[in-house]
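This briefing is meant to be read slowly, with the sequence and the structure side by side. Please find each residue in the display before moving on to the next point.

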Amino acid sequence: MLGILTLDTSFPRLPGDLGSPATFDFPVRHEVVAGASVEDVVHRRQDALLPAFVEAGTRLVDAGCTGITTTCGFLVRWQRELADALPVPVLTSALLQIPLVQRTLPRGLRVGVVTYSAADLGADALAAAGAHPYTPVQGLDPDGYFAQTIRFGRAQVDGDRLADDTVAAARRLVGAHRDLGAIVLECANMPPYRDAVQAATGLPVFDAARLVAWFHAALVGVTARYARRDLW
């Protein structure tokens, strides 16, 4: 079973979103980290929340999860800390794909990132993902439907409008950087719109849901919790 650390949000999670139980065809267990709002995790960068994520991850491991992922790509800032603190493999973010995807591209082409918030995706987060600090990044319109939904919540969501905002950001990214060879979608709410982005840009698009499915495939058959001392 895969454990998913989930931000404390107030909008419906559509199929494809890592926070939706309908996204995966294998067992997952979501654990909401109380008080971990988008505002505090992404915009205020509250490092004081890290212990709460460790505690929630520990509860998932105790419940039988053999790997841990998250619903926020910005948690890549704590990739090392969470991996060190928990006794199972941890995959925090779709951004961790950037170095691998970059190595697949022909010389002269780069990976670009579509993110929930370009203003908050700085060199530190890219470094934590192992990515080049000048990786091209394009964010959603902060005043648009998608960004406002994520930041402030919404009782119901319009998937078409979410898709439109994601595609618009991808078009801006491609328009600004003609040397792109692939796109990574940072936000774990964006996988439902991967196909729309690929159709609009003509580029390979990598998202969190497919990365998590790959991650889970390596965990199949791992049944027991293990501690670091058991590895020696």
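This is a predicted model: local features need pLDDT of at least 70, side-chain atom pairs count only at pLDDT 80 or more; totals for chains, interfaces and linings use all residues.

In helix H7, Thr166, Val167, Ala170, Arg171 and Val174 meet Ala196, Val197, Ala200 and Thr201 of helix H8. By type, the residues of this contact divide into six nonpolar, two polar and one charged.

**How helices H7 and H8 cross**

- Two packed helices are described by the angle between their axes and the distance between the axes.
- Here the axes of H7, which spans residues 159-176, and of H8, which spans residues 194-201, come within 9 Å and cross at roughly 35°.
- The handedness of this crossing of H7 and H8 is right-handed.

**The sheet with strands S1 to S4**

- Strands of a sheet pair through backbone hydrogen bonds, either parallel or antiparallel.
- An open sheet is formed by four strands in the order S2-S1-S3-S4, and the pairing within this sheet is parallel.
- Strand S2 (28-32) and strand S4 (90-91) stand at the edges with a single partner strand each, so one side of each is left without a neighbour in the sheet.
- Helix H2 packs on this sheet, where H2 touches S1, S2 and S3, and the direction of H2 makes about 155° with that of S1.
- Strand S1, made of residues 2-6, runs parallel to S3 and is joined to S3 by four bridges.
- Along this pairing, leucine 2 stands opposite glycine 67 in S3, while isoleucine 4 has threonine 69 in S3 as its bridge partner.
- Strand S3 also runs parallel to S4, to which two bridges join it, and here threonine 69 has leucine 91 in S4 as its bridge partner.

- Strand S5 (residues 110-115) and strand S7 (residues 180-185) run parallel and are joined by five bridges.
- Within this pairing, glycine 112 of the sheet stands opposite isoleucine 183 in S7.

**Aromatic pairs**

- The structure holds three aromatic pairs, and one of them is formed by phenylalanine 53 and tryptophan 78.
- The ring centres of phenylalanine 53 and tryptophan 78 are 5.4 Å apart and the ring planes stand at 65°, so this pair is edge-to-face, given that planes over 60 degrees apart count as such.
- The pair links distant parts of the chain, with phenylalanine 53 in helix H2 (residues 50-62) and tryptophan 78 in the loop between strand S3 (67-70) and helix H3 (79-85), 25 residues apart.
- Phenylalanine 53 and tryptophan 78 are both buried.

**Residues in the loops**

- Where does arginine 77 lie? Arginine 77 is placed in the loop between S3 and H3, and with a relative accessible area of 15% arginine 77 is buried, because buried means under 20%.
- If residues up to four places away in sequence are not counted, arginine 77 touches Val41, Arg45, Asp47, Asp124, Ala125 and Ala128.
- Arginine 45, which is one of the residues touched by arginine 77, has its place in the loop between helix H1 (38-43) and H2.
- With a relative accessible area of 35%, arginine 45 is partly exposed.
- Most residues other than glycine have a negative phi.
- The phi of arginine 45, however, is near 50°, a positive value in a residue other than glycine.
- Glycine 19 is found in the loop between S1 and S2, and at 14% relative accessibility glycine 19 counts as buried.
- Leaving aside neighbours within four places in sequence, glycine 19 is in contact with Arg13, His30 and Thr71.
- Glycine 19 and glutamate 31 are 12 residues apart in sequence, and from C-alpha to C-alpha they are 9.7 Å apart in space.

Notes
Residues are numbered from 1 along each chain as its sequence is written. Side-chain values use heavy atoms; hydrogens and water are left out. Two strands pair if DSSP finds at least two bridges between them. Rings of Phe, Tyr and Trp (its six-membered ring) pair if their centres lie within 6.5 Å; planes under 30 degrees apart count as stacked, over 60 as edge-to-face and the rest as tilted. Buried means under 20% relative accessible area, exposed over 50%, partly exposed in between (1.4 Å probe, protein chains only). Axes are lines fitted to C-alpha atoms, for helices over the stretch in contact, and angles run from 0 to 180 degrees between N-to-C directions. A crossing is left-handed if the near helix is turned anticlockwise from the far one by less than a right angle, and right-handed if clockwise. Contact means heavy atoms within 4.5 Å. Ala, Val, Leu, Ile, Met, Phe, Trp, Tyr, Cys and Pro count as nonpolar, Asp, Glu, Lys and Arg as charged, and the others, Gly among them, as polar.
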